[in-house]
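Visitor: I have a structure to go through. Can you take me around the ligand site and the packing?

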Amino acid sequence: MLYLENMELLGNSIQIKEINEIIRQVAPTDISVLITGESGTGKEVVANRIHELSMRNSRPFITVNCGAIPEGIIESELFGHQKGAFTGAIETREGYFEMADKGTIFLDEIGDMPLATQVKILRVLETGEFMRVGGNKSIIVDVRVVAATNKNLAEEVIQRNFREDLYFRLKLVNIHIPPLRERKADVKILFDHFIESICERNGIKFGGIEDDAINFLTNYVWYGNARELRNFCESIVVLHPGKKISLADVKRNLHNDYDQTRQLPAVPLVTKDLTEKDLIVRALFELKNDIIGIKSILLEKDKQVFSMHDDNDLVIHRDRIRNMDSEEIDKEILSYLLKLHDWDIKKVSDNLNQSPRNIYRKIKKYNLTK
Ligand SMILES: Nc1ncnc2c1ncn2[C@@H]1O[C@H](COP(=O)(O)OP(=O)(O)OP(=O)(O)O)[C@@H](O)[C@H]1O
Ligand SMILES: [Mg+2]
């Protein structure tokens, strides 16, 4: 589906207000900008905004998805080539840098750019000059470079996948967009915006949303960030046209999303004595700090391994445990439940539908301690 999005960076959070302020300050200059943030946080929106608010806005804005262009042709795509430069180069061709002259080039997913090309980008940034592939004269362009990545470029530098000099050159102005789960104040405004544009595009009427349903969405952990919220809005409004959306509708839709995308089947959790959602959430956060096994993953990934579904089901985030084998997962689940039930073996065995004997055996096997 084609999205003709309003390219304004919407948000009521302090973080988005600050980002909008930085955009306003840097947009009129020619300084290159590095935009970082998880997938779906709005990096492309920021890049567009910088161009729109600059003096270059009547000139081209060219997006290059560095991760999607095969290594063998990326330089000819970026810098063009001379006729005969390689087999198949039947005529001289301009690259994206020439096309973007006096405008802006957006190097998306720059973390995936080959090292050999990175050095050429650094040269363009410093001198505005480059050569076409197979060419022998320098071409000078006036292009503003905006780059984005969802990778940790500092880490990529350590791993020698990214050049340190280019990294330092780019990060002079770094706009970092925090994940949506850290900007809860933005959920409602984004929800309204997505619903409005989806309804307008599809000629659907929106019947409103109950307060408890929007509160639930505000506190929901959107690992796919604004994009996941937008996809959610699309399915909910298409499935319930004209109807006031309830909390149950929301939960049903989020369930579908879980099942289809990235989560393992939920493990039923009996939490009769922990019915308050707040208590459960707090327990999860305490758990985050307490369990060493999970902590090491959190330190590495800075994300939760588990979260709680409605109905008090335990949800395991598949993307967080991708590198774990089934035994490690089993161990994590057991540690989690032991902590949750304060080492009440009976409750843990009920949860897992396994005999207490089996639980004791595993505690020993995994060397788990209180
Ligand atoms: N603050 C925002 N205001 C308005 N729309 C937003 C905002 N943040 C994200 N969006 C919308 O959410 C969707 C995802 O944003 P975008 O494509 O810019 O994310 P991204 O960070 O570039 O993701 P990726 O790393 O996967 O490329 C788009 O439809 C975009 O318009
Ligand atoms: Mg993007």
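Predicted model: local features only at pLDDT ≥ 70, side-chain atom pairs only at ≥ 80, totals over all residues.

Visitor: Which residues come nearest to ligand 1?

Guide: Ser-39, Gly-42, Lys-43, Glu-44 and Ala-226 do, out of 20 residues around the ligand.

Visitor: And which helices supply at least two residues of that shell?

Guide: Helix H2 (43-52), helix H8 (187-202) and helix H10 (225-239).

Visitor: What is the shell made of, by class?

Guide: Eight polar, seven nonpolar and five charged residues.

Visitor: Where does ligand 1 lie relative to the domains?

Guide: Between domain 1 (14-178) and domain 2 (181-260), because both give residues to its shell.

Visitor: Switching to packing. How many residues are in the largest nonpolar core?

Guide: The core has 38, and those touching the most other members are Ile-35, Val-46, Phe-97, Ile-105, Leu-107, Val-146 and Ala-147. Strand S6 (residues 144-149) provides the largest share, four residues. Another core, of 20 residues, lies apart from this one and includes Phe-194, Leu-229, Cys-233 and Ile-236.

Visitor: What is Ile-35 in contact with, leaving aside neighbours within four places in sequence?

Guide: Lys-43, Val-46, Ala-47, Val-146, Ala-148, Ile-175 and Ile-177. Lys-43 is also among the residues that come nearest to ligand 1.

Visitor: Now strand S2. Which side chains are buried there?

Guide: In S2 (residues 61-65), Ile-62 and Val-64 point to one face and are buried.

Visitor: How many bridges join S2 to S3?

Guide: Five, and the two strands run parallel. Ile-62 stands opposite Ile-105 in S3.

Notes. Residues numbered from 1 in each chain as written. Chains lettered and ligands numbered in written order. Near = placed C-beta within 6 Å. Nonpolar A, V, L, I, M, F, W, Y, C, P; charged D, E, K, R; others polar. Domains from an automatic or database assignment. Core = buried A, V, L, I, M, F, W, Y, C linked by C-beta atoms within 7 Å. Buried ≥ 20, exposed ≤ 12 C-beta atoms within 10 Å, placed from the backbone. Contact = placed C-beta atoms within 7 Å. Pairing = 2+ DSSP bridges.
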